[in-house]
Amino acid sequence: RMFHDDELEESEKFYVGQPRVLLLIYALYNTLVARSEMVCYFVIILNHMISASMITLVLPILIFLWAMLSVPRPSKRFWMTAIVYTEVAIVIKYFFQFGFFPWNKHVDYTKDKPYHPPNIIGIEKKEGYVHYDLVQLLALFFHRSILKCHGLWDEDEKGDSSSNKEDTDDELSLTGGRRGSSASLKSVNLAASVESIHVHFPEQQTAIRRKSSSSISQISHRSSFSSHRSKRGKCHGVSGIGRTNLCVIKSHCGLCCFRTLQVYMPIRQFFYNLIHPDYSAVTDVYVLMFLADTVDFIIIVFGFWAFGKHSAAADITSSLSEDQVPEAFLVMVLIQFGTMVVDRALYLKKTVMGKVIFQVILVFGIHFWMFFILPGVTERKFSQNTVAQLWYFVKCVYFGLSAYQIRCGYPTRVLGNFLTKSYNYVNLFLFQGFRLVPFLTELRAVMDWVWTDTTLSLSSWICVEDIYAHIFILKCWRESEKRYPQPRGQKKKKVVKYGMGGMIIVLLICIVWFPLLFMSLIKSVAGITNKPLDVSITITLGGYQPIFTMSAQQNQLKSLDPSEFSDFMRSYRGNTAALQFLEGYAREDITRADLEGNSNSLWTISPPSRNKMIQGLRDLNADFTLVISWTIQRTLEEVYPYYIKAPSDSVAKPIKQLLKGMSPDHGKQSMWENITVSLVKNASEEWWVLNQLGKRHKTPHESLELFIFSDKVSPPSLGFLAGYGIMGLYASVVLVIGKFVREFFSGISHSIMFEELPNVDRILKLCTDIFLVRETGELELEEDLYAKLIFLYRSPETMIKWTREKT
């Protein structure tokens, strides 16, 4: 116990004995300290999401293109830039809050306009204009204090001086090769101050770096002074004012070039060191980047209306059901999918330079589109678009992962699918789910073949991928059998039989009876009452002008009260067919329509047609047609349908179960109602009057009474399924699923040779060897191993030898 310390031991015991809540607070604080730079990034991005202005746009771009790309960590210059910039932004926002500025006089009118200049710049007057900026400044100072506590705040300056000394010795000893060709880049350090940068021009083959910034500054001033003197000496040939102007022009041009190079060369050196690092901690975060892109893709699909002009659209299913593809949805999906394809190509080609270029283009493009184009398209500010804010935040996570991938470098070898790294149930089911996604497996295989160096043809490539996927699935099953062995001669446990078998039985039964159960419950349990808004009756004699038209609306459409509904149900007590029909309807589904007996339109008919109609009515032996929204023959007796069923579609039909009843005098007879029709005339006009004789609610004036039974309709969210109907669901769901289930239960005998493999390790190793030699560039060996794999699957005897259990 050489390093034993009683005080440290007592301190450790004291902290261990603290309450768990306090220990949790300590752990959270330590996590906050360990990731204080991530807290700063999060607060800066959050501030920009809420403010969405040009003032807050600068720091997020610097995060993704400078801070997160810095190795090993962001420099002191970046943090000082962020702190100073935040302070200046706070002062600017405070200055423009005064009311004497013209745009601050109509704040309520302009606060929601996305293209109002103060809103774009970020100098609009509003409550709480500086809250998030102050939180951002507090987070930056917190991170600065953490760096100072650990001695990392001034580490950049010390590192620069030591590296300068080493580089000076190396550059003095080496005058050619790679260091000589890149000396002009190596001589510039991004962390150095702008005034102390010594610029080397391309014609110089060697570079001498000074050891201190003061000496560099003096030499720079002397060199610039001597250059001016030499330029003045060269101007002796020109006399007078012309000589003076020429020297001034040359000195200004040289100063402009010098200042431009002072800005350009550090940026160039930064990206050069990023693309050509001396040391590379290779990592692979492509899976996380793909996951972030997938989440953004899902956000676009379910929130596409947030990226279009009209945000009142219901959802994507309703738009697609009307054969309409919203332009905003199409553009966003294509852009998102295109970036995923490009990212996959860069990952397969392992080109860091391409990834850097793609990162720069994507960062500027996404920010320009989200904060300058999208507000104009949606006609609302970005800060008021919650879906767009969520999409941008996930995209920021993607930018951070991309920056980490660039900083560490791509992996040298890409072997297989990321889901095939382990052989357990989780990887097995995730991999099989991945293969079930339509066209995803095929698209991935073709992209890998296009952007990977190989000698195999596309069909051979797909063959290897299919064999590898099949062998991986078998390997997972074999590993599960090893983890949960089944002794010989022992019957299967009931837990396994009833767990797996019972679940499959229940699943198959649910699939078979799903349409009937769904259509039965969708309207009875989750159905919505769909009462009529208008009931119209039109009666036409023969083919002449309608004699009666009337509509019932609003107050004329009444619901039955409980006592009326009870009397109504009691009147059909002995009618089995009617009671069976009425079981599907509640009191709120029935509507009584009271229609006036007087037609609401005058009867306009020509005298010849009138005389012809009179002749037809007087001929009792001839057939005469009466149309009451449907065709009825002969007479006006038993023609009025007292009960109408209004289904979810547009066809209303009379309810035959309620229009037939038992009469003590005539037995089973029709209960269609009789109506009287009379023509009323005055001096110059005439119209028809209809009256229903057998009404439940007697009224003194002529009128018609009608009962409407309204079918419940499915909720809008389930309308796309209910619209298929029972037969449609059976044809589109049950039969399709049944086909896949039948393929699983039939044809097993034909695949025994390739399914029942006791040990697949050698085949799996052969597949991984193909991937490995392909990545190392041994393309001839790739062809040989592929030929060996094909021969193995063509030879059953060899396959048996290769897949025997190890003894």
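User: Helices here are DSSP runs of H or I with at least four residues, and strands are DSSP runs of E with at least two, numbered from the N terminus. How many helices and strands does the chain have?

Analyst: Happy to start there. This is a predicted model, in which local features need pLDDT of at least 70, side-chain atom pairs count only at pLDDT 80 or more, and totals for chains, interfaces and linings use all residues. Residues are numbered from 1 along each chain as its sequence is written, while side-chain values use heavy atoms, with hydrogens and water left out. The secondary structure of the chain comes to 31 helices and 13 strands.

User: What percentage of the residues in the chain is buried?

Analyst: Buried means under 20% relative accessible area, exposed means over 50%, and partly exposed lies in between, with a 1.4 Å probe and protein chains only. Of the 807 residues in the chain, the buried share is 36%.

User: Which share of the contacts with a separation of 6 or more comes from residues 24 or more positions apart?

Analyst: A contact means heavy atoms within 4.5 Å. Among the chain's contacts with a separation of 6 or more, residues 24 or more positions apart account for 71%.

User: How do the residues of the contact of α5 with α8 divide into nonpolar, polar and charged?

Analyst: From α5, the residues W79, A82, I83, T86, E87, I90 and K93 take part, and they meet a set in α8 that includes L134, L137, L140, F141 and L147. Here Ala, Val, Leu, Ile, Met, Phe, Trp, Tyr, Cys and Pro count as nonpolar, Asp, Glu, Lys and Arg as charged, and the others, Gly among them, as polar. The residues of this contact divide into 9 nonpolar, 3 polar and 4 charged.

User: Which residues of α3 and α5 make the contact between them?

Analyst: The axes of α3 and α5 come within 13 Å and cross at roughly 30°. The two helices are therefore roughly parallel to each other. The contact is made by E37, C40, Y41 and S51 of α3 and, on the α5 side, F78, W79 and K93.

User: Now for charged pairs. How many salt bridges does the count come to?

Analyst: A salt bridge is a side-chain nitrogen of Lys or Arg within 4 Å of a carboxyl oxygen of Asp or Glu. One example is D594 with R592, where the closest N and O atoms are 3.0 Å apart. By this rule, the count comes to 23.

User: What about the backbone: which residues does a cis peptide bond join?

Analyst: Most residues other than glycine have a negative phi, and most peptide bonds are trans. P72 is found in the loop between α4 (54-67) and α5. With omega about 0°, the cis bond joins V71 and P72.

User: What is the phi of K350?

Analyst: K350 is found in the loop between α16 (327-349) and α17 (352-378). At 25% relative accessibility, K350 counts as partly exposed. Although K350 is not a glycine, its phi is positive, at about 55°.

User: Finally, which residues does D296 touch, not counting those up to four places away in sequence?

Analyst: D296 is found in helix α14 (residues 286-302). At 0% relative accessibility, D296 counts as buried. Leaving aside residues up to four places away in sequence, D296 touches Q336, W391, V394 and K395.

Technical notes:
Axes are lines fitted to C-alpha atoms, for helices over the stretch in contact, and angles run from 0 to 180 degrees between N-to-C directions. Angles under 35 degrees count as roughly parallel, over 145 as roughly antiparallel, 65 to 115 as roughly perpendicular and the rest as oblique.
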